[in-house]
Amino acid sequence: MSYASFLSAVAVLLLAPGPTNTLMALAGAQRGIRLVLRLLPAELLGYFTTVLPLAWLGSNLFERWPASEVMLKVAAATWVMFLAVKLWKRQLEGGVMKEVTARRVYLTTLLNPKALIFGLVLLPGPLEWQFVPKLGLLCLSAIIVAIAWGLAGALVHIGDAGGTRLGTAHRIASIWLAFVSVTLLASLLEAQGLGPAGSELSLCSQLANTHGLSTEQGSCNK
């Protein structure tokens with residue numbers, strides 16, 4: 001894959017609304033861009049924790065241990081729904097969610113389906129010479145996008161003395177996270193309903209197709 005194709009695919013994925021971006025926007029709405037900058041290492045570490053092992057092991061990981069795919073999706077959906085319920089519960093109690101923490105950002109990014117696409121589809125094999133440069137571009141892109149989402153959230157924070165807009169941001173974030181969680185579970189049920197032959201279209205191919213990427217853009221068999 002050329003660098004231009006790689007960057008365009010990475011940009012499309014990273015810019016798309018998701019659980020990590022939601023937390024970064026929420027952090028910006030709560031404390032401004034300074035909190036977002038403090039959370040960047042946690043996001044990058046979350047991506048590294050998932051992307052690097054997948055890049056080494058390749059998509060055959062899920063062919064050898066099919067249960068790991070199910071467990072990963074269930075864990076991701078459960079965690080995201082937990083965040084959604086917690087946000088909504090705070091609203092019902094008349095409060096707001098506590099400050100977004102590095103731990104939450106790390107766990108959310110670790111379980112983010114986007115990390116699976118980066119590790120299984122977009123990045124070349126670790127032994128290829130393009131691996132390190134493209135991993136660096138991925139990190140740089142993740143930082144830029146996180147700051148952009150944080151700045152968008154920070155606009156909510158400016159001039160919101162009464163906290164009305166922040167409360168609205170919490171409600172929107174809660175609804176969106178719940179939607180992401182349900183979508184993850186729905187994709188899991190759909191994959192399981194395909195049967196053994198269909199599910200070997202593997203997580204790699206399913207993820208690529210879901211996000212409009214051709215498996216030819218990456219390597220589902222590395």
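Mentor: This is a predicted model. Start with the surface: W56, L57 and L127 form a nonpolar patch there, and together they have about 410 Å² of accessible area. Of these residues, L57 lies in helix α3, which covers residues 33–57. L57 has a relative accessible area of 48%. Exposed would require over 50% and buried under 20%, so L57 counts as partly exposed.

Next, the loop between α7 and α8 (131–157), where P124 is found. P124 has a relative accessibility of 9% and counts as buried, because the limit for buried is under 20%. P124 and K134 are 10 residues apart in sequence, and their C-alpha atoms are 8.2 Å apart in space.

Now to helix α7 itself, residues 113–122. The buried residues of this helix are P113, K114, A115, L116, I117, F118, G119, L120, V121 and L122. That is 10 of the 10 residues, so α7 is largely enclosed by the rest of the structure. Note that K114 is on the buried list along with residues such as L116 and F118.

Last, the packing of α7 with another helix. Two packed helices are described by the angle between their axes and the distance between the axes. For helix α1 (residues 3–15) and α7, the axes come within 10 Å and cross at roughly 165°. Angles over 145 degrees count as roughly antiparallel, so α1 and α7 are roughly antiparallel to each other. The crossing in which α1 passes α7 is right-handed.

How values were computed. Residues numbered from 1 in each chain as written. Predicted model: local features only at pLDDT ≥ 70, side-chain atom pairs only at ≥ 80, totals over all residues. Heavy atoms only, no water. Buried < 20%, exposed > 50% of the residue type's maximum accessible area, 1.4 Å probe, protein only. Helix = DSSP H or I, 4+ residues; strand = E, 2+ residues; numbered from the N terminus. Patch = residues over 30% accessible without salt bridge, like charges linked within 9 Å, V, L, I, M, F, W, Y side chains within 5 Å. Areas by Shrake-Rupley, 256 points an atom, 1.4 Å probe, with all protein chains shown as cover. Salt bridge = Lys/Arg side-chain N within 4 Å of Asp/Glu carboxyl O. Axes fitted to C-alpha atoms, helices over the stretch in contact; angles between N-to-C directions. Parallel < 35°, antiparallel > 145°, perpendicular 65-115°, else oblique. Left-handed = near helix turned anticlockwise from the far one by under 90°.
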